[in-house]
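Biologist: I have not looked at this one before. Can you walk me through it?

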Amino acid sequence: MKVLSLHAANPGPYTGAGNWTYLIPGDRPLLIDAGVGKTEHLEAIAAAVAAGPARVLVTHAHPDHASGAPALAARWPSAAFSKMPWPGEDTETLVWSPLVDGERIATGEGDLEVVHTPGHAPDHVVLWHEASRTIFGADLMQLGNSVAIPASKGGDLAAYLRSLRRVQALRPSRVLPAHGPVIDDPLALIDQYLAHRHHREVQVLSALEAGLDTVDGITGRIYTGLNPQLGPLARESVLAHLIKLEHDGLAKRDGARWVSVS
Ligand SMILES: [Zn+2]
């Protein structure tokens with residue numbers, strides 16, 4: 001399939017080198033993710049399709065994917081914007097047409113199917129191009145890193161694991177992610193992710209059994225030598241594991257304290 005990778009020009013501690021957005025040209029050019037409204041990004045879009053995108057699909061409401069939508073709308077007023085709703089998080093100055101799980105989106109390269117993949121965010125979707133077995137993966141996966149599960153803000157580890165298994169069942173041969181290089185062996189990465197989360201769960205349980213009973217204490221035991229800038233993400237990940245263990249009946253909380261159930 002013909003697809004252009006356009007960088008959003010937004011490097012930073014949480015975005016790494018920054019975000020990829022993807023443009024599928026054709027009669028009604030489709031842009032996947034809006035970036036953050038950087039001039040370099042807008043110029044790259046204009047260089048590829050002078051009339052701009054006819055439609056912009058946003059994979060989830062996180063600012064590195066969605067916050068550029070108003071700048072795109074200002075430059076190309078006829079563009080239509082779609083995403084799965086996340087009430088309270090979606091930019092209210094734009095009209096969003098709601099995406100639905102299973103919906104098919106026509107492009108110049110054939111249909112894309114919307115696959116709801118919550119976990120990293122409740123509104124997260126990936127887009128499946130069956131003809132080429134390609135997935136536009138947004139923040140479901142990225143090479144060389146695990147994906148943040150912000151448990152205090154819409155993240156859900158159990159949902160994330162279900163989303164990985166759902167994508168695994170599609171047997172994609174390639175994933176075009178929002179961060180990092182193209183993933184040419186996504187099934188191997190999913191296996192690695194599932195093993196990694198299982199390993200973390202065992203670590204969190206054993207920390208609880210050793211008597212550590214707070215998110216900070218457990219995080220300090222598991223993430224030794226962590227870059228302090230990434231401390232909040234690590235704590236969110238531990239909290240996500242604790243909430244999953246609570247749902248699984250293996251841990252319970254008493255205020256801010258956690259204990260294992262055995
Ligand atoms: Zn995100």
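Biologist: What joins the side chains of Thr59 and His60?
Modeller: A polar contact of 3.1 Å joins them. A polar contact is a pair of N or O atoms within 3.5 Å; within protein, one must be able to donate a hydrogen and the other to accept it, and residues adjacent in sequence count only if both atoms are side-chain atoms. This is a predicted model, where local features need pLDDT of at least 70, side-chain atom pairs count only at pLDDT 80 or more, and totals for chains, interfaces and linings use all residues. Residues are numbered from 1 along each chain as its sequence is written, and side-chain values use heavy atoms, with hydrogens and water left out.

Biologist: Is Thr59 buried or exposed?
Modeller: Thr59 is buried, with a relative accessible area of 2%. Buried means under 20% relative accessible area, exposed over 50%, and partly exposed in between, with a 1.4 Å probe and protein chains only.

Biologist: Where is Thr59 found, and what is it in contact with?
Modeller: Thr59 lies in the loop between β4 and α2. Helices (H or I, at least four residues) and strands (E, at least two) are DSSP runs, numbered from the N terminus. Leaving aside neighbours within four places in sequence, Thr59 is in contact (heavy atoms within 4.5 Å) with residues including Asp123, His124 and Ala138.

Biologist: Which residues coordinate the zinc ion?
Modeller: His60 (NE2), His62 (ND1), His120 (NE2) and Asp139 (OD), at 2.1 to 2.2 Å. Donors are N, O and S atoms within 2.8 Å of the metal (3.2 Å for Na, K and Ca); water is not among the atoms, so sites may look incomplete. Along the chain the donors follow the spacing H-x1-H-x57-H-x18-D.

Biologist: Where are His62 and Asp139 in the chain?
Modeller: They are 77 residues apart, and the pair links distant parts of the chain. His62 is in the loop between β4 (55-57) and α2 (63-66), and Asp139 in the loop between β10 (134-138) and α4 (157-170). His62 is buried, with a relative accessible area of 17%, and Asp139 is buried at 8%.

Biologist: Why is β10 largely enclosed by the rest of the structure?
Modeller: Because 5 of the 5 residues of β10 are buried. Thr134, Phe136 and Ala138 point one way from β10, and Ile135 and Gly137 the other way. In a regular strand the side chains alternate between the two faces of the sheet.

Biologist: Which strands pair with β10?
Modeller: β9 (residues 125-129) pairs with β10 in the antiparallel sense over 3 bridges, and 4 bridges join β10 to β11 (residues 174-177), which run parallel. Two strands pair if DSSP finds at least two bridges between them. Trp128 stands opposite Ile135 in β10, and Phe136 stands opposite Leu176 in β11.

Biologist: What order do the strands of that sheet have?
Modeller: The order is β7-β8-β9-β10-β11, an open sheet of 5 strands with mixed pairing. Its edge strands are β7 (104-105) and β11, each pairing on one side only.

Biologist: Which strands does α4 touch?
Modeller: α4 packs on the sheet, touching β8 (112-116), β9 and β10. The direction of α4 makes about 150° with that of β8. Axes are lines fitted to C-alpha atoms, for helices over the stretch in contact, and angles run from 0 to 180 degrees between N-to-C directions.
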